[in-house]
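Hi,

Here is the model I promised to pass on.

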Protein chains: 2
Amino acid sequence: MRTATIALGGNALLRKEDSGTAEEQFDRMRKTCEKLADMISDGFDLVLTHGNGPQVGNILLQNEIASHTVPPLPLDICGAESQGQIGYMFQQTLKNQLNKKGVDRNVVSFITQVIVDSDDPAFEKPSKFIGPYYSEEEVEKIKKEKDWTIKKTSEGKYRRVVPSPRPKHIVEDEVIRELIYSEKSRNVVIAAGGGGVPVVEEGDSLKGIEGVIDKDRATAVLAADIDETFLIMLTDIEKVYLNYGEEDEESIDVMTVKEAKKYLEEGQFPPGSMGPKIEASIHFLESSGEKVLITTPESLLPASEEGPGTYIFPE
Amino acid sequence: MRTATIALGGNALLRKEDSGTAEEQFDRMRKTCEKLADMISDGFDLVLTHGNGPQVGNILLQNEIASHTVPPLPLDICGAESQGQIGYMFQQTLKNQLNKKGVDRNVVSFITQVIVDSDDPAFEKPSKFIGPYYSEEEVEKIKKEKDWTIKKTSEGKYRRVVPSPRPKHIVEDEVIRELIYSEKSRNVVIAAGGGGVPVVEEGDSLKGIEGVIDKDRATAVLAADIDETFLIMLTDIEKVYLNYGEEDEESIDVMTVKEAKKYLEEGQFPPGSMGPKIEASIHFLESSGEKVLITTPESLLPASEEGPGTYIFPE
């Protein structure tokens, strides 16, 4: 049995330049799902995760614009809504692509909660921009009504910023394991969409919080929780670079955890983009992981062992 | 092993008189989940379905009010969003109630698609009111932009009306069966929220359609698809009545499928409310079903065999 956990970037589903219609999203989805169906057809059992940035952004915007009529819902619930929205499009599109190849599989997506530490330092330092942009005037009004942290993004433009705590554990991991590792598994599982809904433990209860978990970090924790060995992160660039954007930039084909840590310390991977992917890879390879591949959806070859991309190994 | 499939009315989660805040919804949810946790604690393995009327109504309203900024999404996607929204609140609240009782279970909700027949006569006669109310002026504008059927609900008030086709088959039924009937099942499954997303088969592809499946009918098909024997429908009234609202009204404790069919033919059960529940019961009892209970959440006794309510048996 060959398995892999694959994280899809938000761009695989909706891009900044898109207007955000259903047709556009289904269209992007179809291209990615063709590649995934190839891999499943080749014998891989897959757990899939995905980003939700543009989608939850739109849901937050709708909540805000309609707030005089419909009470706006908090971020945890909006995140769950985006999981439903994307999960549906994803499971339908992938199932259709599998049917086209004559591969009979169940494709299911479920709502995932991810436990974070209520002491996480991220709660003191919100760092993740989310939702619409505001003018200075709007910010004054919001500050009277809501307990939000708002930061300037450029002259005269402001945006809400929320904590991005580290994921500790996937609440629903046992079910994912059961569906993937059953002897006669015929299941493709979509989970932890948008990094999952962040929840904290209060006594014996779970409670949603207003924050966003980095999708790649959540995927690495999920992969480790289900004893996965192979983690693939799909993104916009085919390989990880050293000195990215400089004259002497150099792509990496293979690196070890030790090298990855060194490059990370040197500041080779920016915090907003490649940094979390590399951190997540290290976390994964130091638990159940045996192999990480970072590449684009287009380069995800069937049963990819030698496809173009950056591989990271424990040593 | 004792199992049951339970359909929760939309009212168990949000009522017309509620404003629709998250606190209110969690609060209603908690009361229902206490009763469900009692039943699970008593040894039942449960599959749970729920309505989504008020919630998808709010999502449609948000989509419409914000349509100048965010492209509104079609009804199938909005329905999936509501499954995510409600599923999240439901799985978290039920898990918390189980934890309080020291009952260790996984609670998962997943996005469910339900196949309907593209020839269903409902497509010729849309009958289900959905979304916001419009003025005559607004209707004129909408008719220029959209291919909607709009009906008058009262003087000067109009509303969109969509088809309510009959559910044929639950796309994800195999996974539900796997999670519930595994030998060491520790899973509570939430599925087919809001009746599921209606999809039609086009060749070997599934495609979402703009319609709404009656939640009780979808639950009955789900229960039959997974070979369930016991179906419970939770609603506002504790028992089914004959001559409801008349001077000689009479509650029913027990009836057979034959009696149910007779009463249905006599017009005892109105199409909008009790009718679909009785039809769904008949469908279920004519396939895998052995017993149907219709009652309120409050009267759902642990392992209820003799709780107050109306029982229906095959004969």
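Below are my notes, going from chain A as a whole to a sheet in chain B and then to one asparagine in each chain.

Some housekeeping: residues are numbered from 1 along each chain as its sequence is written, with chains lettered from A and ligands numbered from 1 in the order in which they are written. This is a predicted model, where local features need pLDDT of at least 70, side-chain atom pairs count only at pLDDT 80 or more, and totals for chains, interfaces and linings use all residues; side-chain values use heavy atoms, leaving out hydrogens and water.

**Chain A overall**

Chain A has eight helices and 17 strands (DSSP runs numbered from the N terminus: helices are H or I with at least four residues, strands E with at least two). Its radius of gyration is 19 Å, close to the 20 Å that the globule rule gives for 315 residues, so chain A is as compact as a globular protein of that length (C-alpha atoms only; the rule is 2.2 Å times the number of residues to the power 0.38). The C-alpha trace of chain A spans about 55 × 45 × 45 Å along its principal axes.

Buried residues make up 59% of the 315 in chain A (buried is under 20% relative accessible area, exposed over 50%, partly exposed in between, with a 1.4 Å probe and protein chains only). Of the contacts in chain A with a separation of 6 or more, 72% are between residues 24 or more positions apart (contact: heavy atoms within 4.5 Å).

**The sheet in chain B**

Eight strands of chain B form an open, mixed sheet in the order S3-S9-S2-S1-S12-S16-S17-S15. Its edge strands are S3 (106–109) and S15 (254–256) of chain B, each pairing on one side only (pairing takes at least two DSSP bridges). Neighbouring strands of this sheet are turned by 20° against each other on average, direction ignored (axes are lines fitted to C-alpha atoms, for helices over the stretch in contact; angles run from 0 to 180 degrees between N-to-C directions).

Helix H1 (22–41) of chain B packs on the sheet, touching S1, S2, S9 and S12 of chain B, and its direction makes about 155° with that of S2(B).

**Asn243 in both chains**

Phi of Asn243(A) is near 50°, positive in a non-glycine residue, and Asn243(A) sits in the loop between S13 and S14 of chain A. Asn243(B) has a phi near 55°, also positive, and lies in the loop between S13 and S14 of chain B. How accessible are Asn243(A) and Asn243(B)? Asn243(A) is partly exposed at 25% relative accessible area, and Asn243(B) is partly exposed at 27%.

Cheers
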